[in-house]
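Please work through the exercises below with the sequence and the model at hand, and try each task before reading its solution.

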Amino acid sequence: MDVVLIRVTEDGRMQELPIRRDRVVIGRETDCDVRVPAAGISRHHCELVQDDDGLLIRDLGSSNGTWVNQERIEDERLSAGDLISFGSFVFVVRIDGAPAEIEAEHCFEDGLPETDQVIEPPRVAQAGGPPSAKAGGGVNEDSSVFDFDFDLSDDDDSQPPL
């Protein structure tokens, strides 16, 4: 199964996050497979697990919750096109290339839960912030760790493409 999470933003941008392991932990801590150093994300926020039955997302006791299609979950089987959100991030689940087309602005709007528990916009770690597993973000091919800094601005040419 080929799984990619597509981060969508309010202004229509998209960023792909390939899931290359059977178990992927997402959170703020440096030992997470996908590191999201942002407000509203717990140290070990949630995990994705690929097994014979498909793809499962499980909340790991996060403070602000993990949401699938605007519903707070403890664990949930995912399908292609499902919308995952945590903190103020929204992702579209792409499985084996489906859905092929994504309307980022629409998905972002539909993915955020309508609740008071959604918190402030993400902040990217600056100099002096938490250490990253790999400077500048990207995939560490040796360990399959993904340090995702989520900077999508076109203003900074030093930011490597993902």
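**Exercise 1: a residue in a strand**

Task: Where is Ser85 found, and is Ser85 buried or exposed?

Solution: Ser85 is found in strand β10, which covers residues 83–86, a strand being a DSSP run of E with at least two residues, numbered from the N terminus. The structure is a predicted model, in which local features need pLDDT of at least 70 and side-chain atom pairs count only at pLDDT 80 or more, while totals for chains, interfaces and linings use all residues. Residues are numbered from 1 along each chain as its sequence is written, and side-chain values use heavy atoms, with hydrogens and water left out. The relative accessible area of Ser85 is 0%, so this residue is buried (under 20%; exposed is over 50% and partly exposed lies in between, with a 1.4 Å probe and protein chains only).

**Exercise 2: contacts of the strand**

Task: Which backbone oxygen does the side chain of Ser85 reach?

Solution: The side chain of Ser85 reaches the backbone oxygen of Gly111 at 3.2 Å. Phe86 is also found in strand β10, and because its relative accessibility is 1%, Phe86 counts as buried. The C-alpha atoms of Phe86 and Gly65 are separated by 6.4 Å, although these residues are 21 apart along the chain.

**Exercise 3: the helix**

Task: Which helix holds Asp110, and how accessible is Asp110?

Solution: Asp110 lies in helix α1, residues 104–111 (a DSSP run of H or I with at least four residues). With a relative accessible area of 33%, Asp110 is partly exposed. The protein chain contains 1 helix and 13 strands, and 46% of its 162 residues count as buried.

Technical notes:
A polar contact is a pair of N or O atoms within 3.5 Å; within protein, one must be able to donate a hydrogen and the other to accept it, and residues adjacent in sequence count only if both atoms are side-chain atoms.
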